[in-house]
Amino acid sequence: PDDAKPLDGARAVIRALSVHGDDVVIAIVSGRDVRTTRRMLGVFNGLYFVGLHGIEILDPYDRRELLVRVNHCLPALHTVRDWLKKEARESDGFIIEDKELSVALHYRNANPEIARDIRSQLEYLAGNMVKGLRVTQGEMVDEVIPSNAGGKGFAINYLLAQLKDKTLMPVYFGNDPSDEEAFFAVRRAGGATILVGEDRDTHAEYGVEEPCDAIQALAILAGALERQVSMAAG
């Protein structure tokens, strides 16, 4: 997880869009915590960051807000964290990503049979042995989060409500299974939804094959906005 980085061109196109603050609002929606996502992206000005699958939001003025209560489930998260450290060993190919308010189990490099057993045990532990938690599934990762977390769709609705003074048409690119609830929320808001990657059952109306295609689409938008500014200035 720590080796992840933006694709070539991603930072540049986000910066190009962010200068049009009167016309465009950019939100980076991630399962990572907001400050880690911002550091990895390397773009700090003019953006919203939604983190931990909708648990937290960081606004362009560096103000962080939790969208759900989490104190009640912190002891349970500690129990799960300790269990994972003992059972999901790095030598078996597991990676444990501790995000403070959630904990993720990456099993991409683990033996499938061992991973199936550990994941089953994790599901049982989070669902039956402790209170206040649930497990979400991503791309080769299971994540234990507060059970009252509203998800990415909840966070999108919250953000749109905060920006109600602007006339916005939301556009959402996503590839993870957890993006499905965001697709649903954006479609209900009359926006455009784009699945990035291989076709699957999805709430998204449109699709692109590769992340670089998403960057290209955003670059076209940035170019159109720049031309609009130039025409207005001329």
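**Hairpin, neighbouring strand and helix**

β5 and β6 form a hairpin with four residues between them, and Glu100 in the turn has a positive phi of about 75°. Helices (H or I, at least four residues) and strands (E, at least two) are DSSP runs, numbered from the N terminus.

This is a predicted model: local features need pLDDT of at least 70, side-chain atom pairs count only at pLDDT 80 or more, and totals for chains, interfaces and linings use all residues. Residues are numbered from 1 along each chain as its sequence is written, and side-chain values use heavy atoms, with hydrogens and water left out.

Q: Which residue of β6 is the bridge partner of Ile96?
A: Strands β5 (residues 95-98) and β6 run antiparallel and are joined by four bridges. Two strands pair if DSSP finds at least two bridges between them. The partner of Ile96 is Leu105.

Q: Which residue of β8 is the bridge partner of Leu105?
A: β6 also pairs with strand β8 (residues 141-146), in the antiparallel sense over four bridges. There, the partner of Leu105 is Asp142.

Q: Within what arc do the buried residues of α3 fall?
A: Ala76, Leu77, Val80, Arg81, Trp83 and Leu84 of α3 are buried, where buried means under 20% relative accessible area, exposed over 50% and partly exposed in between (1.4 Å probe, protein chains only). Pro75, Lys85 and Lys86, on the other side of α3, are exposed. Seen down the axis of α3, with directions taken from the helix axis to the C-beta atoms, the buried residues line one face because they fall within an arc of 165°.
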